[in-house]
Amino acid sequence: MGAKFAITDGTLRIGSLSLELSADRPWDAWRTKEGGSLLINKEEQLLRDLDTFFANRHFKPHNVFELGIWDGGSTAFWFEYFEPTKLVAVDSLDRADDLSFSRYIRQRRASSRLKTYWNTDQADRAQIEEIVTREFDQPLDLIIDDASHELQATSASFDTLFPRLSSDGIYVIEDWRWEVYPWFREPDHPWADRAGLVKMVKRLVDAAATGEVKELMVSPRFVAAVHP
Ligand SMILES: C[S@@+](CC[C@H](N)C(=O)[O-])C[C@H]1O[C@@H](n2cnc3c(N)ncnc32)[C@H](O)[C@@H]1O
């Protein structure tokens, strides 16, 4: 099956969208970018691996929740990719939607189906719970966590959101094994003292053993836990 998107020379095209693959750019590249394209902070291989995973399962989620917006490229991408009933995304950054993101929402006439919440920490269980309750009257079918990649915050979101999934709903955590790369542990790296997600994935293996997680897919670039 062919991918729903095409990538050439660092540009991803899906539907009417054109996104700039920006995994190698500085964390604040959205502040200084030139041109109107939204940035997506993912490597091509991760997108291809996720596409293969979802396509093989013929997965068609209606209600989608995303942790980690950054410039909005991934949020618009998932909206185009799944064409869900609703997609809500949160991020702890103190910023507003990029102009191109707002334009995309207007063009798609999607203001009631595609929503962002800034200044929202994934570790704030009460706030996350409140947003999900306000925005969704049905269980979630897909949660994609590409936010802090830090153990405590990622666990807090998982503990809040995993029970909100439908049966066979999927919880994806991206880039979970960053701590095995030595450069993240160099003293001047901002993540040098950050607790990583390997421990979290081991916990998911335990949950798969007890049946709290129905299926677990652990691949180098992401992990996916299926709700019973
Ligand atoms: C690697 S970027 C990825 C964003 C987007 N999913 C993409 O692919 O372009 C991670 C984002 O997570 C956000 N983030 C980091 N820690 C967070 C937290 N504790 N709660 C919510 N968002 C957080 C950052 O502000 C950043 O925008």
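**Notes on the predicted model**

1. Helix α2, length check. Helix α2 covers residues 44–57, which makes 14 residues. At 1.5 Å a residue, α2 should span 20 Å, and its end C-alpha atoms are 20 Å apart, so expectation and model agree. Please keep in mind that this is a predicted model.

2. Helix α2, surroundings. Its buried residues are L46, L47, L50, D51, F53, F54 and A55. H58 follows α2 and has a positive phi, near 50°.

3. Seven strands form an open sheet with mixed pairing. Their order is β7-β6-β5-β8-β9-β11-β10. β7 and β10 (215–218) are the edge strands, each pairing on one side only. From one strand to the next, the twist averages 10°.

4. β9 (residues 165–174) and β11 (residues 222–226) run antiparallel and share five bridges. Within this pair, I170 stands opposite V226 of β11.

5. Helices on the sheet. Helix α5 (residues 125–135) packs on the sheet and touches β5 (63–67), β6, β7 and β8 (140–145). The direction of α5 makes about 160° with that of β6. Helix α7 (residues 198–210) also packs on the sheet. Its contacts are with β9, β10 and β11, and its direction makes about 150° with that of β10.

6. Helix α6, burial. Is helix α6 enclosed or open to the outside? Nine of the eleven residues of α6 (residues 151–161) are buried, so the helix is largely enclosed by the rest of the structure. The buried set is L151, A153, T154, S155, A156, S157, F158, T160 and L161. These residues pack against β5, α5, β8, β9 and α7.

7. Helix α6, N-terminal end. E150 caps this end. One of its side-chain oxygens lies 3.1 Å from the backbone nitrogen of Q152.

8. Salt bridges, overview. Side chains of opposite charge can pair when their charged atoms come close. The structure holds 17 salt bridges.

9. E20 and R25. The closest N and O atoms of this salt bridge are 2.5 Å apart. E20 has 25% relative accessibility, so it counts as partly exposed. R25 is at 29% and therefore also counts as partly exposed.

10. D98 and K33. Their side chains meet in a salt bridge at 3.1 Å, N to O. The pair links distant parts of the chain, 65 residues apart. D98 sits in the loop between β6 (86–90) and α4 (99–107), while K33 sits in the loop between α1 (29–32) and β4 (38–40). Why do the two count as buried? The cut-off is under 20% relative accessible area. D98 has 13% relative accessibility, so it counts as buried. K33 has 15%, so it counts as buried too. Both belong to a network of salt bridges that links K33, D71, R95 and D98.

11. E80 and R108. This salt bridge has its closest N and O atoms 3.0 Å apart. E80 lies in helix α3 (residues 73–82) and R108 in the loop between α4 and β7 (114–117), so the pair ties together parts that are 28 residues apart in sequence. The two partners fall into separate classes: E80, at 12% relative accessibility, counts as buried, whereas R108, at 26%, counts as partly exposed.

Conventions:
Residues numbered from 1 in each chain as written. Predicted model: local features only at pLDDT ≥ 70, side-chain atom pairs only at ≥ 80, totals over all residues. Heavy atoms only, no water. Helix = DSSP H or I, 4+ residues; strand = E, 2+ residues; numbered from the N terminus. Expected span 1.5 Å × (residues − 1). Buried < 20%, exposed > 50% of the residue type's maximum accessible area, 1.4 Å probe, protein only. Salt bridge = Lys/Arg side-chain N within 4 Å of Asp/Glu carboxyl O. Pairing = 2+ DSSP bridges. Axes fitted to C-alpha atoms, helices over the stretch in contact; angles between N-to-C directions. Contact = heavy atoms within 4.5 Å. Polar contact = N/O pair within 3.5 Å; in protein donor to acceptor, adjacent residues only side chain to side chain.
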